[in-house]
Amino acid sequence: MQMVKKSLIIIMVAWLAIVVLMPKREFYYKLEEELSKHEVVLNEEKIDEGWFSLNLEQVKVYFKGIHVATIEEVTLATLLFYSCIELRSLEVDDSLKKMVPQKTEEATARHSVFSPFNVMVDASGSFGGMSGLIDLNERNVRLDFNESKGLDMLKPQLRKEEKGWVYETSF
């Protein structure tokens with residue numbers, strides 16, 4: 001029994017050391033590098049590294065050199081088995097407000113090792129509430145809009161179902 005306890009303690013200490021000492025900034029810079037291959041550039045004012053997360057403040061998003069959005073705060077967190085990206089106060093540029101909702105208060109994307117091919121997505125904003133699933137294996141996206149306020153610009157891409165409006169696409 002003592003051997004099992006010692007083994008579990010060693011595993012927990014090793015896991016904690018890996019998560020806390022993980023080079024979070026380098027992961028973020030690698031993400032920026034991958035996004036730049038698709039002509040997406042992130043320009044942040046401040047980066048704060050926490051024990052389990054990386055916080056970015058006042059992030060400006062550029063696509064092909066054109067400013068498309070501003071995000072007040074982004075939090076990237078990982079526990080190795082579970083990862084989460086949280087956006088707070090995403091505001092789209094005025095030139096895009098006829099194509100996408102202008103303001104998103106909160107958005108969250110979660111991924112777990114126990115479900116490696118699925119990314120859960122939740123958001124709320126001027127469009128109401130939304131929850132969805134991105135299936136990486138089947139390459140499908142399904143977003144369910146709980147409330148239908150402020151969706152006029154998206155209605156041509158949405159389908160009406162019993163519980164509300166649904167957006168589905170593949171990539």
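## Close-up views of a predicted model

**View 1. Ser112 and its surroundings.** Once the neighbours within four places in sequence are set aside, Ser112 touches Phe81 and Tyr82 in this predicted model. Ser112 belongs to strand β6, which covers residues 103-112. Because its relative accessible area is 19%, and buried means under 20%, Ser112 counts as buried. A polar atom of the Ser112 side chain lies 3.2 Å from the backbone nitrogen of Phe114.

**View 2. The largest nonpolar core.** This core holds 15 residues, and those that touch the most other members are Tyr28, Leu56, Val59 and Val61. Two or more residues come from each of the elements β1 (40-43), β3 (53-63), β4 (66-78) and β5 (82-92), and the element that gives the most is β4, with five residues. As general background, nonpolar side chains tend to be buried together in soluble globular proteins.

**View 3. The largest pocket.** The volume of the largest pocket is about 1600 Å³. Its lining is made up of 42 residues, and the ones that lie nearest the centre of the pocket are Ile71, Leu87, Leu90, Ala107 and Val121. Sorted by class, the lining has 36 nonpolar residues, five polar residues and one charged residue. The element that gives the most to this lining is β4, with five residues.

**View 4. The second largest pocket.** The space in the second largest pocket comes to about 390 Å³. This pocket is lined by 17 residues, of which Leu76, Ala77, Thr78, Ser83 and Ile85 are the closest to its centre. The elements that give two or more residues to its lining are the helix α2 (24-36) and the strands β3, β4, β5 and β6, and the largest share, four residues, comes from α2. By class, the lining of the second largest pocket divides into 11 nonpolar, four polar and two charged residues.

Definitions and conventions. Residues are numbered from 1 along each chain as its sequence is written. This is a predicted model: local features need pLDDT of at least 70, side-chain atom pairs count only at pLDDT 80 or more; totals for chains, interfaces and linings use all residues. Side-chain values use heavy atoms; hydrogens and water are left out. A nonpolar core is a set of buried Ala, Val, Leu, Ile, Met, Phe, Trp, Tyr and Cys residues joined through side-chain atoms within 4.5 Å. Buried means under 20% relative accessible area, exposed over 50%, partly exposed in between (1.4 Å probe, protein chains only). A polar contact is a pair of N or O atoms within 3.5 Å; within protein, one must be able to donate a hydrogen and the other to accept it, and residues adjacent in sequence count only if both atoms are side-chain atoms. Contact means heavy atoms within 4.5 Å. On a 1 Å grid over the protein atoms alone, a cavity is a set of points where a 1.4 Å probe fits but cannot get out, and a pocket is an open set with protein on both sides within 12 Å along at least five of seven lines; lining residues have an atom within 4 Å of a point. Grid points are joined across faces, edges and corners, and a volume is the space filled by probe spheres set on the points. Ala, Val, Leu, Ile, Met, Phe, Trp, Tyr, Cys and Pro count as nonpolar, Asp, Glu, Lys and Arg as charged, and the others, Gly among them, as polar.
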